[in-house]
Amino acid sequence: MEQVDDAALRNIILGRIRERGPIPFVDFMASCLYEPGLGYYTSPGRKVGAEGDFYTSINVHRVFGRLVAREICRMWEVMGCPAPFEVVEVGAGHGQLAKDVLDTIRELNGELYDILSFRLVEAEPSLAEVQRQLLGAHLPKLFWSTPADLAEGRLRFTGCLYSNELIDSFPVHLVEMTPEGLREVFVAAAGDRFAETLDLPSTPELEAYLARLGVTLDPGQRGEINLNAVRWLASVATALQRGFVLTIDYGYLAPELYGPMRRNGTLLCYWRHTVEEDPYVRVGKQDMTTHVDFTTLMAQGESLGLKKAWYGEQYRFLVAAGMLEEMMALEAAAATEEERLKIRLTLKKLVLPEGGMGDTFKVLVQAKGVENPRLLCMRDWGKLF
Ligand SMILES: C[S@@+](CC[C@H](N)C(=O)[O-])C[C@H]1O[C@@H](n2cnc3c(N)ncnc32)[C@H](O)[C@@H]1O
C-alpha cells in the first residue's frame, strides 16, 4: 500500500486518546474529515474529479446541473413565483454545480434569474475564493454562509436548498450488535496505531434511532448512525420558511441499509479513485463516506414540517426532469458522429443502474408550505417520449 505522510493529524488524534481515553468513532471520523487545516476536506488539494480521489455527478457532465436547474425553475413556478427566492447549495465544493445551475436558470428563466439570490454554504472556508472566481459572471447574485450559520439558526429564506453528496460526508457513529446488546465502536491507541474497542453507546440516541426504525442488527453486524444528518435536517427545516429541500446522495431505505446482507455497514474510504476499507490508514488523506438512511430523512422531515414530495432513483429524477431533451440538444449541436457517441456514453453514466450512478444515487424532494406540488420529477414517463 502506498504510504502518505499523515503523522501530523495521526499524532493529534492519538494525543487526544491518550489524554481522554478511547473516543467514539464519530469523533475520529470528524477529525479525519474536518480537523481545521488537516482534515480531508479542510486541507488544501483537489478532492473531487480526475486529479482528486472520486468523481461526483457534477464532474460527469454539466447536464446534471442543468436538470437540477430545470427542477428549481419548476419549484419557483409551483410556489406562485415568489420574490425574493433564494437558492442555497450546501457542500458546494468548488462551485461547479452552482455555476451550472445559475447558467441554466439565466438561460431558461430570465424572470427567476432577475429576482433570485444564491447562497453557498461550504465547510472548507478557503473554497469561497475558488467559488468566487468560478462564479464571477453571477457575483451580484451570490452570498456566502458558514455551516455554523445554518446549524445555529441564523438563516431564513424562501426558496430551494439543495445538496449533492453532502450527507454521505457527515461523521457517523458506528455500532455493532453483540450477544450482550448494542455496542458502539470506540477508537483507542495501541502504540502509535489505532485500535477499535466496543463499549456501551456514548448516547441513548443510538438505540432510540434504531428502535424508531424497527431495526435490530444481527449478532456481529455493524451499522452506521448518522445523527449529524438528523441535526442538519432540523436546522434546514428552521431556515426554510417556504419551499423545497432537494437532496441527492447515495443511500437506501432503512430495511435495505440495515439489512443482514450488509454485515459490515457501508463505511468506505476513497483514495486516488481506489476503494479502501481501512479507515485507520492515510488519516486525513483519504475520503471517508457512508450511505444515507433516506427513511430517517423522510420520517424526521415529516416531524419537522418537511413533507416528502418525491423520492426515487437518480435516473428517474434526471429523465423526468428532461434528460432526453438535453441529450438531443447536445447531439444536435455536435459536429461529428464521434462527438455524438461521446455525449451518449458520458450521459449514460448519470443514469446507468448497477455500477453507474443511476440507481445507487437517490433523490429526495421535501416541501414546506407547498401543497401537492407538481414537479418535473413527478412527470409520467409515458408522456415524455
Ligand atoms: C463529497 S463532497 C461533495 C462536493 C460537491 N457537492 C460535489 O458533489 O462534487 C462534500 C462537500 O461537503 C462539504 N461539507 C461537509 N459538511 C458540510 C456542512 N455541514 N456544511 C457545508 N458543507 C459541508 C465538504 O467540505 C465537501 O466540500
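Guide: A term to begin with: a polar contact is a pair of N or O atoms within 3.5 Å; within protein, one must be able to donate a hydrogen and the other to accept it, and residues adjacent in sequence count only if both atoms are side-chain atoms. This is a predicted model, where local features need pLDDT of at least 70, side-chain atom pairs count only at pLDDT 80 or more, and totals for chains, interfaces and linings use all residues. Residues are numbered from 1 along each chain as its sequence is written, and side-chain values use heavy atoms, with hydrogens and water left out.

Visitor: OK, how far is threonine 56 from the ligand's oxygen atom?

Guide: A polar side-chain atom of threonine 56 sits 2.9 Å from an oxygen atom of the ligand.

Visitor: And what about glutamate 122 and the ligand?

Guide: There, an N or O atom of the glutamate 122 side chain is 2.6 Å from a ligand oxygen atom. Alanine 123 uses its backbone: a polar atom there is 3.1 Å from a nitrogen atom of the ligand.

Visitor: Switching topic: is serine 169 buried or exposed?

Guide: Serine 169 counts as buried because its relative accessibility is 5%, and buried means under 20% relative accessible area (1.4 Å probe, protein chains only).

Methods
Buried means under 20% relative accessible area, exposed over 50%, partly exposed in between (1.4 Å probe, protein chains only).
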